[in-house]
Amino acid sequence: MQPVPDPQSTPPPTRRLPRILRPLLALALTAAGLAALPAAPAGARDGAPATTLAANPYERGPAPTTASIEATRGPFAIAQTTVAASSVSGFRGGTIYYPTSTAEGTFGAVAVSPGFTASQSSVAWLGPRLASQGFVVITIDTLSVYDQPASRGTQLLAAVDYLATTSTVRARVDRNRLAVMGHSMGGGGSLSAANARPSLQAAIPLTGWHTVKNWSSVRVPTLVIGAENDTVAPVSSHSEPFYTSLPATLDKAYLELNAASHSAPTSPNVTVAKYSISWLKRFVDDDTRYEQFLCPAPRGSAIEEYRDTCPHS
C-alpha cells in the first residue's frame, strides 16, 4: 500500500505528551495550582460550593450520561458554514459544523468522508451530532465520487489541515487534536489516513471497505464499526481483519451492529453516534469521563459483538 502523503501546508504543531504521561502531568499541574491558591473561605470548607480545578484541560461540556450521548443533540449550540469546492484544494469542499461558544476554549476537529459514489449528504447527520458534543466537524465531498480509499485518506488529511489552518473557524480548532472518520471507502480512507499520520488522535471507519487488510503499522486509537448483514463490505473480509491486524498494544475496539446493513451509518443511528462520541471524547479530548461507555465492553440488543483492549492507556 502506498502511504498517504502528509500535506505540507500544515504548520509544525506543538507536540503533545504521550498519552500515558498526560494524567501524571495533569495531577502535577493540579497539585501546583492548589498549592498556589489561597485558603478556601470558611463557607467552602464547611460544605458550601467551591471552585475546583479541572485536571484535564481538554474536557469540554458537562459530565456525560447515557441519555446525553444518545441524544440527537449535545450541550453545545452549533452553527454551520458551507465550504465551496473552488475555495479549497485537496478535497471538493464540504460543510463545517461548529460550537458557537468559545468560552471553554478550542475544540478537537473531525473530518468525515462519504463512501464510493456518495456525496457528503450520506454522512451529513454526523456533523451536527458530533459538533453539538464539542467538536469542529467537516463532512466532505471527494474530488471524485469514484475515488478509492487511499485517495479518500489523503483528502481527509487535507480537510482536517484546512479546518486547523485556513478555515474561517480555525481559531476554534486545536490543531493537535484531530481525527478522521468515514463510511465504506471513506472508512477505508480513515485507516489510510491514520496509517499515514500517527499524530492523529482517533480514527473511526464505519462499515469500512479497503483492499488492504493489514493495518499493523497504525498507531492511532481506532474504533472499527462493522455491520452484521453487510454484503458490500462483509465483516469477515473487511472490518474484522482490519481490527485484528491493528497492533495488540493499540487502544482499539470493534463494534458490530446487530442485524444491520452496509448503509447503517448513513442515517441517524444511536449506536453509531453513542460510541463514536465516546471514542472521540476519550481519545481526542483525553476525557476519561467517557471511559465508562467503552470499558467494560458494552452490551445490548443493538450490538452483535464488541471487542476491545480495555483498560485504555
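Colleague: What span should the 12 residues of H6 have at 1.5 Å a residue, and how far apart are its end C-alpha atoms?
Modeller: This is a predicted model. The expected span is 1.5 Å times one less than the number of residues. For the 12 residues of H6 that gives 16 Å, and the distance between its end C-alpha atoms agrees with this, at 16 Å.

Colleague: How many of the 12 residues of H6 are buried?
Modeller: A residue is called buried under 20% relative accessible area. Those of H6 that qualify include Met185, Gly186, Ser190, Leu191, Asn195 and Ala196. H6 is largely enclosed by the rest of the structure, because the buried count is 12 of the 12.

Colleague: Which elements do the buried residues of H6 pack against?
Modeller: H6 covers residues 185-196, and its buried residues include Leu191 and Ala194. The packing partners of the buried residues are E3, H5, E5, E6, E7 and H7.

Colleague: Which element gives the largest share of the largest nonpolar core?
Modeller: That core has 41 residues, and Phe91, Ile96, Val136 and Ile138 have the most contacts inside it. Elements that each supply at least two of its residues include strand E2 (94-99), strand E4 (135-140) and helix H6 (185-196). The largest share is eight residues, and it comes from H5.

Colleague: Which residues does Ile138 touch, leaving out those up to four places away in sequence?
Modeller: Ile138 is among the residues with the most contacts inside the largest nonpolar core. Its contacts beyond four places in sequence are Val83, Phe91, Thr95, Ile96, Val110, Ala111, Val112, Ala159, Tyr162 and Leu163.

Colleague: Is the pair of rings of Phe91 and Tyr162 stacked or edge-to-face?
Modeller: Seven aromatic pairs are found in the whole structure. In this one the ring centres are 5.9 Å apart and the planes stand at 65°. Planes over 60 degrees apart count as edge-to-face, so the pair of Phe91 and Tyr162 is edge-to-face.

Colleague: How many residues apart in sequence are the parts that Phe91 and Tyr162 tie together?
Modeller: Phe91 is buried, with a relative accessible area of 2%, and Tyr162 is buried at 14%. Phe91 lies in the loop between strand E1 (78-83) and E2, whereas Tyr162 lies in helix H5, so the separation in sequence is 71 residues.

Colleague: How do the rings of Tyr243 and Tyr254 pair?
Modeller: Tyr243 lies in helix H7 and Tyr254 in strand E8 (residues 252-257). Both Tyr243 and Tyr254 are buried. With the ring centres 6.0 Å apart and the planes at 40°, the pair is tilted.

Colleague: Which side chain makes a polar contact with that of Thr207?
Modeller: Thr207 lies in the loop between strand E6 (202-206) and strand E7 (222-227). Thr207 is buried, with a relative accessible area of 0%, and the residues it touches include Ser184, Asp230, Ser261 and His262. The polar contact, of 3.2 Å, is with the side chain of His183.

Colleague: Over the face of which residue does Arg282 lie?
Modeller: Lys281 lies over the face of Phe135, at 5.2 Å from the ring centre. For Arg282 the distance from the ring centre is 5.0 Å, and the ring is that of Phe283.

How values were computed
Residues numbered from 1 in each chain as written. Predicted model: local features only at pLDDT ≥ 70, side-chain atom pairs only at ≥ 80, totals over all residues. Heavy atoms only, no water. Core = buried A, V, L, I, M, F, W, Y, C linked by side-chain atoms within 4.5 Å. Buried < 20%, exposed > 50% of the residue type's maximum accessible area, 1.4 Å probe, protein only. Helix = DSSP H or I, 4+ residues; strand = E, 2+ residues; numbered from the N terminus. Contact = heavy atoms within 4.5 Å. Polar contact = N/O pair within 3.5 Å; in protein donor to acceptor, adjacent residues only side chain to side chain. Phe/Tyr/Trp six-rings, centres within 6.5 Å; stacked < 30°, edge-to-face > 60°. Lys NZ or Arg CZ within 6 Å of the ring centre and 35° of its normal.
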